[in-house]
Amino acid sequence: MPLYKEQGIVLRTMKLGEADRIVTLLTQGSGKVRAVAKGVRKTRSKFGARLDPFTHVDLLLYKGRDLDIVTQAEIITSFREIRDSYDRFAAGETILEAIDRVAQEHERSVRTFMLLLGALRQLAQTDEPPVVVDAFLLRLVALAGFRPHFSACASCGTPGPHMRFSVAQGGMVCESCRSGAAVRLAEATPPYLATLMDDHWSADAPDDVRREGSGLVRAFVEYHFDRPLRAWSHMPR
Ligand SMILES: [Zn+2]
(Lines give C-alpha, C1' and ligand atoms only; values in the text may rest on other atoms or scores of the structure.)
Protein backbone atom coordinates (compact mmCIF):
# COMPACT_ATOMS: atom_id res chain seq x y z
CA MET A 1 0.00 0.00 0.00
CA PRO A 2 1.55 3.33 -1.04
CA LEU A 3 2.10 6.11 1.48
CA TYR A 4 1.33 9.71 0.67
CA LYS A 5 1.65 13.10 2.37
CA GLU A 6 -1.11 15.69 2.40
CA GLN A 7 -2.27 18.65 4.39
CA GLY A 8 -5.94 18.81 5.22
CA ILE A 9 -8.68 20.31 7.36
CA VAL A 10 -10.88 17.96 9.39
CA LEU A 11 -14.55 18.33 8.36
CA ARG A 12 -16.11 15.66 10.56
CA THR A 13 -15.47 12.38 12.30
CA MET A 14 -17.58 9.29 12.81
CA LYS A 15 -17.18 6.42 15.27
CA LEU A 16 -15.94 3.14 13.83
CA GLY A 17 -16.03 0.07 16.08
CA GLU A 18 -14.72 0.38 19.64
CA ALA A 19 -11.69 2.59 19.27
CA ASP A 20 -11.43 3.94 15.74
CA ARG A 21 -12.89 6.82 13.81
CA ILE A 22 -13.53 7.61 10.18
CA VAL A 23 -12.23 11.12 9.58
CA THR A 24 -13.46 13.19 6.63
CA LEU A 25 -10.92 15.79 5.51
CA LEU A 26 -10.65 18.37 2.80
CA THR A 27 -7.08 18.06 1.57
CA GLN A 28 -5.10 20.49 -0.51
CA GLY A 29 -4.06 18.08 -3.25
CA SER A 30 -6.49 15.15 -3.14
CA GLY A 31 -9.90 16.75 -2.61
CA LYS A 32 -12.14 15.22 0.02
CA VAL A 33 -10.62 12.17 1.68
CA ARG A 34 -12.18 9.70 4.09
CA ALA A 35 -9.64 7.91 6.22
CA VAL A 36 -9.57 5.62 9.23
CA ALA A 37 -7.72 6.81 12.34
CA LYS A 38 -7.03 3.69 14.36
CA GLY A 39 -7.16 3.86 18.16
CA VAL A 40 -8.06 7.55 18.06
CA ARG A 41 -10.79 7.12 20.70
CA LYS A 42 -8.45 5.52 23.25
CA THR A 43 -7.42 7.95 26.02
CA ARG A 44 -3.77 7.51 25.20
CA SER A 45 -4.08 7.69 21.44
CA LYS A 46 -1.07 9.15 19.66
CA PHE A 47 -3.48 11.37 17.74
CA GLY A 48 -4.94 13.17 20.80
CA ALA A 49 -7.06 16.12 19.57
CA ARG A 50 -5.20 16.36 16.28
CA LEU A 51 -8.10 14.99 14.29
CA ASP A 52 -10.90 17.12 15.80
CA PRO A 53 -13.07 19.13 13.36
CA PHE A 54 -11.57 22.46 12.18
CA THR A 55 -7.99 21.29 12.78
CA HIS A 56 -5.53 21.99 9.96
CA VAL A 57 -3.11 19.06 9.91
CA ASP A 58 -0.12 17.65 8.10
CA LEU A 59 -0.85 14.01 7.37
CA LEU A 60 0.83 10.83 6.34
CA LEU A 61 -1.67 8.40 4.86
CA TYR A 62 -1.75 4.89 3.46
CA LYS A 63 -3.81 4.62 0.33
CA GLY A 64 -6.39 1.89 0.94
CA ARG A 65 -8.73 0.26 -1.52
CA ASP A 66 -11.82 1.87 -0.05
CA LEU A 67 -10.79 4.06 2.89
CA ASP A 68 -7.29 5.44 3.44
CA ILE A 69 -5.53 5.09 6.80
CA VAL A 70 -4.05 7.97 8.79
CA THR A 71 -0.63 6.95 10.07
CA GLN A 72 0.61 10.34 11.27
CA ALA A 73 -1.01 13.71 11.97
CA GLU A 74 0.73 16.91 13.07
CA ILE A 75 -1.17 20.10 13.85
CA ILE A 76 -0.46 23.11 11.62
CA THR A 77 -3.25 25.25 13.16
CA SER A 78 -5.69 24.00 15.80
CA PHE A 79 -8.26 26.82 15.31
CA ARG A 80 -9.09 26.44 19.00
CA GLU A 81 -10.55 29.99 18.93
CA ILE A 82 -13.42 28.56 16.86
CA ARG A 83 -14.16 25.64 19.19
CA ASP A 84 -13.94 27.86 22.31
CA SER A 85 -16.77 30.24 21.33
CA TYR A 86 -20.33 29.04 20.84
CA ASP A 87 -21.13 31.58 18.09
CA ARG A 88 -17.95 30.90 16.16
CA PHE A 89 -18.43 27.16 16.55
CA ALA A 90 -22.01 27.29 15.27
CA ALA A 91 -20.87 29.40 12.31
CA GLY A 92 -17.95 27.03 11.71
CA GLU A 93 -20.27 24.01 11.60
CA THR A 94 -22.16 25.69 8.77
CA ILE A 95 -18.92 26.29 6.87
CA LEU A 96 -17.73 22.68 7.28
CA GLU A 97 -21.11 21.24 6.28
CA ALA A 98 -21.27 23.42 3.16
CA ILE A 99 -17.77 22.34 2.12
CA ASP A 100 -18.66 18.69 2.74
CA ARG A 101 -21.68 19.14 0.43
CA VAL A 102 -19.70 20.70 -2.41
CA ALA A 103 -16.32 18.91 -2.34
CA GLN A 104 -15.97 15.63 -4.20
CA GLU A 105 -13.86 12.72 -2.99
CA HIS A 106 -10.38 12.65 -4.51
CA GLU A 107 -11.18 15.59 -6.80
CA ARG A 108 -8.40 18.10 -6.35
CA SER A 109 -9.50 21.72 -5.85
CA VAL A 110 -6.83 23.96 -4.38
CA ARG A 111 -9.18 26.95 -4.61
CA THR A 112 -11.81 25.23 -2.47
CA PHE A 113 -9.15 24.31 0.08
CA MET A 114 -7.78 27.87 0.18
CA LEU A 115 -11.30 29.26 0.55
CA LEU A 116 -11.94 27.01 3.54
CA LEU A 117 -8.60 27.85 5.14
CA GLY A 118 -9.19 31.59 4.59
CA ALA A 119 -12.69 31.39 6.08
CA LEU A 120 -11.46 29.58 9.21
CA ARG A 121 -8.72 32.18 9.69
CA GLN A 122 -11.32 34.94 9.51
CA LEU A 123 -13.72 33.08 11.78
CA ALA A 124 -11.02 32.53 14.42
CA GLN A 125 -10.70 36.27 14.95
CA THR A 126 -14.09 37.75 14.13
CA ASP A 127 -16.69 39.21 16.48
CA GLU A 128 -19.31 38.73 13.77
CA PRO A 129 -19.33 35.04 12.83
CA PRO A 130 -22.57 35.21 10.78
CA VAL A 131 -21.05 37.82 8.43
CA VAL A 132 -18.03 35.56 7.80
CA VAL A 133 -20.44 32.72 7.01
CA ASP A 134 -22.32 34.87 4.49
CA ALA A 135 -19.07 35.94 2.82
CA PHE A 136 -17.89 32.32 2.71
CA LEU A 137 -21.15 30.97 1.26
CA LEU A 138 -21.20 33.62 -1.48
CA ARG A 139 -17.63 32.74 -2.44
CA LEU A 140 -18.42 29.03 -2.33
CA VAL A 141 -21.46 29.23 -4.62
CA ALA A 142 -19.44 31.44 -6.97
CA LEU A 143 -16.65 28.83 -7.02
CA ALA A 144 -19.23 26.11 -7.67
CA GLY A 145 -20.31 27.99 -10.82
CA PHE A 146 -23.42 29.79 -9.52
CA ARG A 147 -22.01 33.26 -9.00
CA PRO A 148 -24.91 35.59 -8.17
CA HIS A 149 -25.23 38.88 -10.09
CA PHE A 150 -25.47 41.90 -7.81
CA SER A 151 -25.31 44.72 -10.36
CA ALA A 152 -26.18 44.04 -14.00
CA CYS A 153 -29.40 42.14 -14.75
CA ALA A 154 -28.72 38.40 -14.37
CA SER A 155 -30.93 37.65 -17.35
CA CYS A 156 -30.25 40.30 -20.05
CA GLY A 157 -27.13 42.05 -18.74
CA THR A 158 -28.61 45.59 -18.61
CA PRO A 159 -26.35 47.56 -16.26
CA GLY A 160 -27.72 48.12 -12.74
CA PRO A 161 -28.59 49.14 -10.19
CA HIS A 162 -31.79 47.09 -10.26
CA MET A 163 -34.21 46.72 -7.39
CA ARG A 164 -35.24 43.08 -7.42
CA PHE A 165 -33.44 39.82 -6.78
CA SER A 166 -34.50 36.46 -8.16
CA VAL A 167 -32.91 33.32 -6.73
CA ALA A 168 -34.01 31.21 -9.70
CA GLN A 169 -32.82 33.78 -12.29
CA GLY A 170 -29.42 34.09 -10.60
CA GLY A 171 -29.37 37.56 -9.05
CA MET A 172 -30.60 41.10 -9.59
CA VAL A 173 -33.07 41.38 -12.48
CA CYS A 174 -34.38 44.36 -14.42
CA GLU A 175 -38.08 45.25 -14.62
CA SER A 176 -38.57 43.59 -18.02
CA CYS A 177 -36.87 40.31 -17.07
CA ARG A 178 -38.15 39.83 -13.55
CA SER A 179 -40.41 36.88 -12.81
CA GLY A 180 -43.08 36.83 -10.13
CA ALA A 181 -40.73 35.40 -7.49
CA ALA A 182 -38.23 38.29 -7.60
CA VAL A 183 -38.06 40.12 -4.26
CA ARG A 184 -37.50 43.81 -3.77
CA LEU A 185 -34.32 44.65 -1.83
CA ALA A 186 -33.09 47.63 0.16
CA GLU A 187 -30.82 49.75 -2.02
CA ALA A 188 -27.76 48.97 0.12
CA THR A 189 -28.15 45.18 0.12
CA PRO A 190 -26.73 44.25 -3.34
CA PRO A 191 -23.50 46.32 -2.95
CA TYR A 192 -23.10 44.97 0.59
CA LEU A 193 -23.28 41.36 -0.65
CA ALA A 194 -21.01 42.11 -3.62
CA THR A 195 -18.37 43.40 -1.20
CA LEU A 196 -18.59 40.23 0.92
CA MET A 197 -18.31 38.04 -2.18
CA ASP A 198 -15.41 39.81 -3.87
CA ASP A 199 -13.53 42.12 -1.50
CA HIS A 200 -13.79 41.82 2.26
CA TRP A 201 -14.89 39.34 4.89
CA SER A 202 -16.89 42.05 6.64
CA ALA A 203 -18.52 45.33 5.62
CA ASP A 204 -20.34 48.14 7.33
CA ALA A 205 -24.09 47.93 6.92
CA PRO A 206 -27.18 48.64 8.99
CA ASP A 207 -28.67 45.62 10.79
CA ASP A 208 -31.68 45.38 8.47
CA VAL A 209 -29.39 45.23 5.41
CA ARG A 210 -27.33 42.47 7.05
CA ARG A 211 -30.45 40.53 7.92
CA GLU A 212 -31.86 40.88 4.43
CA GLY A 213 -28.48 39.89 2.97
CA SER A 214 -28.25 36.80 5.17
CA GLY A 215 -31.74 35.68 4.23
CA LEU A 216 -30.87 36.08 0.57
CA VAL A 217 -27.63 34.11 0.88
CA ARG A 218 -29.50 31.26 2.57
CA ALA A 219 -32.23 31.22 -0.05
CA PHE A 220 -29.63 31.24 -2.82
CA VAL A 221 -27.53 28.44 -1.27
CA GLU A 222 -30.59 26.34 -0.49
CA TYR A 223 -31.77 26.67 -4.09
CA HIS A 224 -28.44 25.51 -5.52
CA PHE A 225 -27.71 22.84 -2.89
CA ASP A 226 -31.31 21.51 -3.18
CA ARG A 227 -31.88 21.60 0.58
CA PRO A 228 -31.03 23.74 3.63
CA LEU A 229 -27.89 23.12 5.65
CA ARG A 230 -28.58 21.29 8.93
CA ALA A 231 -26.17 23.54 10.84
CA TRP A 232 -28.32 26.63 10.08
CA SER A 233 -30.69 25.59 12.85
CA HIS A 234 -27.93 26.20 15.45
CA MET A 235 -26.87 29.57 14.12
CA PRO A 236 -27.98 32.85 15.68
CA ARG A 237 -29.81 35.01 13.14
ZN1 LIG B 1 -33.02 42.11 -17.77
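Modeller: Let's start with Phe79. Phe79 is buried, because 23 other C-beta atoms lie within 10 Å and the cut-off is 20 or more. Keep in mind that this is a predicted model.

Biologist: Where is Phe79 placed?

Modeller: Phe79 sits in the loop between β5 (68–77) and α1 (80–83). Its phi is near 55°, a positive value in a residue other than glycine.

Biologist: Is Phe54 buried or exposed?

Modeller: Phe54 counts as buried, with 24 C-beta neighbours inside 10 Å. Phe54 is in the loop between β3 (32–37) and β4 (56–62).

Biologist: Which peptide bond is cis?

Modeller: The one from Gly160 to Pro161 is cis, with omega near 0°. Pro161 lies in the loop between α4 and β6 (164–166).

Biologist: New topic. How many residues are in the largest nonpolar core?

Modeller: That core has 61 residues, and Val132 and Leu137 have the most contacts inside it. Helix α4 (residues 129–146) gives the most, with nine residues. At least three residues come from each of domain 1 (3–78) and domain 2 (81–234).

Biologist: What does Val132 touch?

Modeller: Leaving aside residues up to four places away in sequence, Val132 touches Ala91, Ala119, Gln122, Leu123, Thr126 and Trp201.

Biologist: And how do α5 and α6 cross?

Modeller: The axes of α5 (residues 189–198) and α6 (residues 207–225) come within 9 Å and cross at roughly 65°. So α5 is roughly perpendicular to α6. The crossing is right-handed.

Definitions and conventions:
Residues are numbered from 1 along each chain as its sequence is written. This is a predicted model: local features need pLDDT of at least 70, side-chain atom pairs count only at pLDDT 80 or more; totals for chains, interfaces and linings use all residues. A nonpolar core is a set of buried Ala, Val, Leu, Ile, Met, Phe, Trp, Tyr and Cys residues joined through C-beta atoms within 7 Å. A residue is buried if 20 or more other C-beta atoms lie within 10 Å of its own, exposed if 12 or fewer, and partly exposed in between; C-beta atoms are placed from the backbone. Helices (H or I, at least four residues) and strands (E, at least two) are DSSP runs, numbered from the N terminus. Domain bounds come from an automatic or database domain assignment. Two residues are in contact if their C-beta atoms, placed from the backbone, lie within 7 Å. Axes are lines fitted to C-alpha atoms, for helices over the stretch in contact, and angles run from 0 to 180 degrees between N-to-C directions. Angles under 35 degrees count as roughly parallel, over 145 as roughly antiparallel, 65 to 115 as roughly perpendicular and the rest as oblique. A crossing is left-handed if the near helix is turned anticlockwise from the far one by less than a right angle, and right-handed if clockwise.
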